[in-house]
Amino acid sequence: MDRIRIQGGNRLEGRIPIGGAKNAALPLMAASLLTDEQLALSNLPHLADISTLANLLSGHGVAIHMVGEETNEGHVGRVLGLQAKEITSTTAPYELVRRMRASVLVLGALLARAGQAEVSLPGGCAIGTRPVDLHLKGLQQLGAEIELREGYIHASAKKGLHGARFVFPFVSVGATENLLMAAVLARGETELANAAREPEVVDLAACLATMGAKIEGAGTDTIRVQGVDRLHGGTHAVIPDRIETGTYAMAAAITGGDIVLEGARLGQIGALAEILTEAGVTLEEVPGGLRVHRRNADLTGVNVMTEPFPGFPTDMQAQMMALMSTATTASMITETIFENRFMHVPEMNRMGADIAVHGASAMVRGVTGLVGAEVMATDLRASVSLVLAGLVADGETVVHRVYHLDRGYERLEEKLAACGAEIERLKH
Ligand code: EPZ
């Protein structure tokens, strides 16, 4: 298994191209199931999760081919053509779904297009139990019959789906996306209340609209959909990855560096930009991107609570904790989205951080210096937080199990090394 070795202490300076958003790309790819025409997606990142979903979609009959590559401010994104002339199988098997929970996103689209779907129950994962009950309840509201048997969700809508009102008891990004994809081909009007407002949901709605869907209110907590008989193909560019942007902003901040994040804009990272500014980091829009720097300014502890968009994202919590570990004052970081997303804490403490977890909150007391160590990655964002800590730690850090990183960060070592980090991937 690959490892990443970092020799800490270098101030990072340079430019980093930001790729297309993984969490926008996955539902967009699933949307290709909704039409028999081609959906061309540009600015797709090269990531393991994208390949996993491509495999799953091929099994449903989606023909996938590279339409080309495009260069956007130094980032080479793939343009992929996805065409599901016919749905050849409505089963999403365990072997693929267990590798990536987002596979459950094919459920709504398969049901809407083919009237049935058998999708393996995704099960829990390192960051929490992560049930899919909201996806199922919402689809039932739209007329689906659902049974759970032998580890699979068996869903059918023999007479097609119909519009309905569904109120989410709490915000779920994936369930909003799944219901949106089901509703666009359902008969009549659907209203999704307390819907997720994440930019990735807005991007999905925009793509569906170019395919002929009738959607209003994406980006607010009430989304209205008028079902149509069919969707056609289209072309859509995936939005820049706000979590990748935030992660490299943290790399600049934690090393007291100065980095331009190419293709990123302040508006994409909202709450995070405010928190970083409060902590003593400067963010400014410059031609072609977002400049993030912290020259000679101390880092101040800032309290953070994760919340659905537009609040502070849970996908930035671990990275924020690495940053706060080096602040001059203490901070409290509270995780409200996932119940088990503090697995980076013991690893950071092994690097000399002073973090104490009390339930859903972590008290982070800034230390004067972190020390390199061998550490274990447990999930995608936890892994990258250890890399951030390694960038500023004294001596050598080796992060094990970096396959987690490859799910969501494209060419991470290369991008950081180009800004002066001493970082390399060790094979096996
Ligand atoms: C998406 O996951 C992201 N994944 C996650 O990113 C992200 O952390 C999360 O949204 C929150 O922002 C993708 O977009 C592919 P949710 P999702 O449904 O949709 C509970 C990363 O690192 N819940 O908004 O699965 C759930 O357990 C990943 O890139 C139910 O109880 O998240 C969680 O506590 C990790 N029942 C909360 O809701 C349900 O039916 C929010 O989850 C659905 C969710």
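Modeller: E150 is exposed, with a relative accessible area of 73%, where exposed means over 50%, buried under 20% and partly exposed in between, using a 1.4 Å probe and protein chains only. This is a predicted model, in which local features need pLDDT of at least 70, side-chain atom pairs count only at pLDDT 80 or more, and totals for chains, interfaces and linings use all residues.

The backbone at E150 has a phi near 50°, a positive value in a residue other than glycine, and E150 sits in the loop that runs between β8 (145-149) and β9 (152-156). Such elements are DSSP runs numbered from the N terminus, helices being H or I with at least four residues and strands being E with at least two.

A positive phi is also found at N43, where the angle is near 65° and the residue is again other than glycine. N43, however, belongs to strand β3, which spans residues 38-44, and N43 counts as buried because its relative accessibility is 4%.

P310 is part of the loop between β18 (304-305) and α10 (317-324).

Note on methods. Residues are numbered from 1 along each chain as its sequence is written. Side-chain values use heavy atoms; hydrogens and water are left out.
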